[in-house]
Amino acid sequence: YVDEERSPAIHGTGHEDDFLGGWSNEFLDTPFTLPMHGEPYVRMLDRTGQYNGDCSLYRLFVGLPFRSHLRWSTEHGTENQRNFGYSGILFWYQHSLKAVESDAVVIADQASLKSHDVRLQNASEPESLTSRFEGSEQEEFTCTVIYSLGKTEFTMRVHPNNKGVYLRRLFDQFHGRQRARVIVDGELVGTWFTPEENRTRRWSERSIFLPPRYTEGKERIRITLDPPASSPLWSHACYTCVSILDGE
């Protein structure tokens with residue numbers, strides 16, 4: 001989990017997947033070391049129960065930036081019901097930047113809609129959704145969501161000294177492969193694509209980075225989200241702007 005996002009950035013299916021391996025009866029047989037991952041030490045796997053003795057693993061994550069914190073978790077056996085002992089250590093590279101939440105707009109709140117000059121085209125009526133986020137230890141969460149087939153526009157406050165802005169979206173991932181063009185003050189930034197789909201744990205939070213060329217020196221930005229006609233419903237409950245600033 002990255003920073004405040006309640007959806008996992010990476011969601012694997014086992015220790016061997018997490019450390020870039022596959023099929024534990026092969027992965028845990030022989031020690032090896034590679035530039036980005038490895039298993040320097042391993043004892044023979046219990047082939048009958050698929051449970052290993054002692055091993056050490058490492059992995060370098062490339063392109064996993066975070067602003068305030070990371071949270072990493074692991075299951076102790078299938079369904080988290082095994083009494084295994086794990087320990088670990090984490091190293092990271094740090095830049096002297098800090099993240100400050102600048103503004104938030106709640107799509108179904110009338111006061112928030114007015115203060116952020118929200119414009120919705122071809123949008124559904126607000127619907128209350130009670131569901132969970134993906135991952136472990138996630139409780140049910142209730143919020144109001146709106147589904148759109150047309151443009152969504154709103155104005156957000158940002159810090160004028162920002163080095164870029166993260167736009168975080170809370171949405172319903174019942175419909176997968178949601179896509180929209182992101183436009184800031186009339187300039188196209190890129191396409192926001194969320195491929196995931198989950199009809200059981202429907203809530204998701206994802207962010208897109210708005211580079212400083214579109215945000216630096218401004219106190220407010222006008223954001224337009226424009227889904228193509230071929231895209232599934234674009235769902236949204238809340239947007240949050242997080243300004244990236246020089247650290248102290």
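**Close-up views of salt bridges and a strand pair**

**View 1. Arginine 132 and glutamate 140 meet through their side chains in a salt bridge (3.7 Å, N to O).** The term salt bridge stands for a side-chain nitrogen of Lys or Arg within 4 Å of a carboxyl oxygen of Asp or Glu. This is a predicted model, in which local features need pLDDT of at least 70 and side-chain atom pairs count only at pLDDT 80 or more, while totals for chains, interfaces and linings use all residues. Residues are numbered from 1 along each chain as its sequence is written, and side-chain values use heavy atoms, with hydrogens and water left out. Arginine 132 is partly exposed, at a relative accessible area of 32%, whereas glutamate 140 counts as exposed at 53% relative accessibility. Here buried means under 20% relative accessible area, exposed means over 50%, and partly exposed lies in between (1.4 Å probe, protein chains only).

**View 2. A salt bridge joins the side chains of aspartate 226 and arginine 181 (3.3 Å, N to O).** Aspartate 226 belongs to strand S13 and arginine 181 to strand S10 (residues 178–184), so the pair ties together parts that are 45 residues apart in sequence. Strands (E, at least two residues) and helices (H or I, at least four) are DSSP runs, numbered from the N terminus. Aspartate 226 counts as buried, with 16% relative accessibility; arginine 181 is partly exposed, with a relative accessible area of 37%.

**View 3. Arginine 222 and aspartate 117 form a salt bridge between their side chains (3.5 Å, N to O).** Arginine 222 lies in strand S13 (residues 220–226), and aspartate 117 lies in the loop between helix H3 (110–115) and strand S5 (119–120), so this contact ties together parts that are 105 residues apart in sequence. At 18% relative accessibility arginine 222 counts as buried, while aspartate 117, at 33%, counts as partly exposed. The structure holds 17 salt bridges.

**View 4. Strands S9 (residues 165–172) and S12 pair in the antiparallel sense over eight bridges.** Two strands pair if DSSP finds at least two bridges between them. Valine 165 stands opposite leucine 210 in S12. Strand S12 (residues 203–210) is largely enclosed by the rest of the structure, because six of its eight residues are buried.
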